[in-house]
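Let's take a friendly walk through this model together. Have the sequence and the 3D view at hand, and follow along from one spot to the next.

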Amino acid sequence: MAQGQPIFILPEGTNRMIGRDAQRNNILAAKVLAETVRTTLGPKGMDKMLVDGLGDIVVTNDGVTILKEMDIEHPAAKMLVEVAKTQEDEVGDGTTTAVIIAGELLKNAENLLDLDIHPTIVAMGYRQAAAKAQEILDNIAIDTVDRETLMKVAMTAMTGKGTEAAREPLAELIVDAVQKVADGNDVDIDHIKIEKKDGAVVEESTLVEGVIVDKERVHPGMPKEVKDAKIALVNTPLEVKETEVDAEIRITDPAQMQAFIEQEENMVKEMVQKIVDAGADVLFAQKGIDDLAQHYLAKAGVLAVRRVKKSDIEKLARATGATVVSNLDDLEEADLGEAGIVEERKVSGEDMIFVEECKSAKAVTLFVRGSTKHIVDEIVRAIEDAIGVVAATVEDDQVVAGGGAPEIAMAKKLKDYAESISGREQLAVTAFAEALEVVPKTLAENAGLDSIDSLVDLRASHEDNPYMGLNVFTGKVMDMKDAGVIEPKRVKKQAIQSASEAAEMILRIDDVIASSGSGNPDMDPAAMGGMPPMM
């Protein structure tokens with residue numbers, strides 16, 4: 001107030017939350033989100049059915065897919081969704097783990113705030129604990145990585161998902177795919193194409209040393225199969241180009257019209273002849289092929305496919321050794337790629353082009369089958385996670401045991417570390433250690449076991465062996481390294497790093513200002529995507 005007159009700094013309708021109210025509201029939103037995905041964790045986790053506005057459904061237990069499909073409005077909850085997306089981009093798995101650790105960190109932080117510990121002290125303690133946790137993780141990591149280890153990593157990632165029944169043959173395909181595209185310890189999983197088709201059992205999934213293109217021949221007169229194929233890849237249209245400027249051609253004589261048509265035909269014929277002269281008997285064009293060009297290509301016995309996606313053209317180049325040509329005048333025999341067989345096959349009523357038996361293919365295709373559309377979609381999500389973790393293992397050459405073993409090992413050592421810290425940060429480090437135990441606790445709960453008994457047994461077993469984890473099928477504590485339950489170290493490292501940084505950022509917020517146009521002025525965490533509050 002100035003001389004009795006109110007001063008408005010923010011526009012009318014703006015909602016503002018200050019201090020503890022803002023912190024509690026943000027923490028509540030994060031807790032609700034973590035509780036939502038928590039039941040999906042582990043081999044015995046449950047699935048979620050997500051229905052969008054059009055009635056399309058997604059059935060999955062993949063954390064990041066659930067969070068992407070949900071219509072989340074609360075700003076703090078959106079920050080946790082970013083944690084899951086980062087985890088997915090960096091490793092490909094562990095998204096649910098990252099979110100529930102972040103939720104538990106904030107839940108434990110709330111108890112410290114109730115003791116009048118300042119949020120910046122909690123954030124500082126969490127930062128120290130996260131750094132120490134990474135150090136502990138390095139110490140308990142297993143360095144020996146061979147094909148058998150990669151198989152175990154892939155099977156661990158697929159356990160509890162739609163692929164579990166066929167996880168062993170699928171793991172073989174995934175490890176083969178990653179090793180084929182690997183360049184030493186460098187793996188670009190973009191070179192592994194996943195093509196899916198329903199109408200068959202998952203066991204019929206195969207690995208193609210080459211590329212499957214979801215297209216068909218452009219002309220029925222073309223051969224359906226070409227052996228020892230010479231493949232041309234072009235990103236220029238096989239048709240008469242229109243002029244870049246507006247032009248008008250005046251024809252006064254029918255003979256001129258005929259000559260004009262013949263000239264166009266000759267131009268198209270020359271294009272096709274250049275391809276034939278180069279020795280190509282298979283053509284993949286990124287752009288169009290007009291009817292006349294199709295006719296001449298069919299006469300020449302060339303199998304041609306048009307409007308192939310740029311990503312598929314790039315994979316074909318890596319698989320066959322071909323060079324992508326932009327100008328047909330430059331096409332030479334040296335630019336052609338090779339494949340043992342190029343064939344059009346009918347799969348589930350649709351024609352697809354299979355480019356197979358490529359020598360030293362540096363791009364491969366996993367052809368995934370499933371009985372229905374929803375099942376095959378979930379299988380693909382599981383396979384993508386498995387590819388990510390196998391690639392991370394190849395790159396880092398380090399793994400850790402699963403079944404909650406690394407979380408218990410880190411929690412145990414962090415509690416010892418907390419005793420060496422003076423000041424209130426000690427409480428924050430202890431709270432961080434307890435938050436990590438949410439992973440084995442959730443695994444036990446989702447398996448219908450007593451979480452307290454399981455935690456007590458796990459803590460006791462870690463006196464001698466850091467690889468002891470929970471076998472959710474038997475309810476017993478056992479050596480996860482011997483049991484073959486293995487995960488990449490990067491999954492745990494990234495999950496802890498992302499979760500702790502997100503928790504620190506949310507804790508430091510003491511003022512939330514929402515404009516009236518934000519669409520959610522009250523920022524009620526129970527309103528996230530219309531979901532009821534979960535307390």
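Val491 is buried, with a relative accessible area of 3% (buried means under 20%, exposed over 50% and partly exposed in between, using a 1.4 Å probe and protein chains only). Val491 sits in helix α17, residues 489-507; helices are DSSP runs of H or I with at least four residues, strands are E runs of at least two, and both are numbered from the N terminus.

A word on the model itself: it is predicted, with local features needing pLDDT of at least 70 and side-chain atom pairs counting only at pLDDT 80 or more, while totals for chains, interfaces and linings use all residues. Residues are numbered from 1 along each chain as its sequence is written, and side-chain values use heavy atoms, leaving out hydrogens and water.

Strand β2 (residues 48-51) runs antiparallel to β3 (residues 57-60), and four bridges join them; strands pair if DSSP finds at least two bridges between them. Lys48 has Thr60 in β3 as its bridge partner. Five residues lie between the strands, and in this hairpin Gly55 takes a positive phi near 90 degrees.

Arg307, in the loop between β9 and α10, has a positive phi near 50 degrees and is partly exposed at 47% relative accessible area. Asp397 lies in the loop between α11 (373-396) and β14 (399-401). Phi of Asp397 is positive too, near 60 degrees, and this residue is partly exposed, with 34% relative accessibility.
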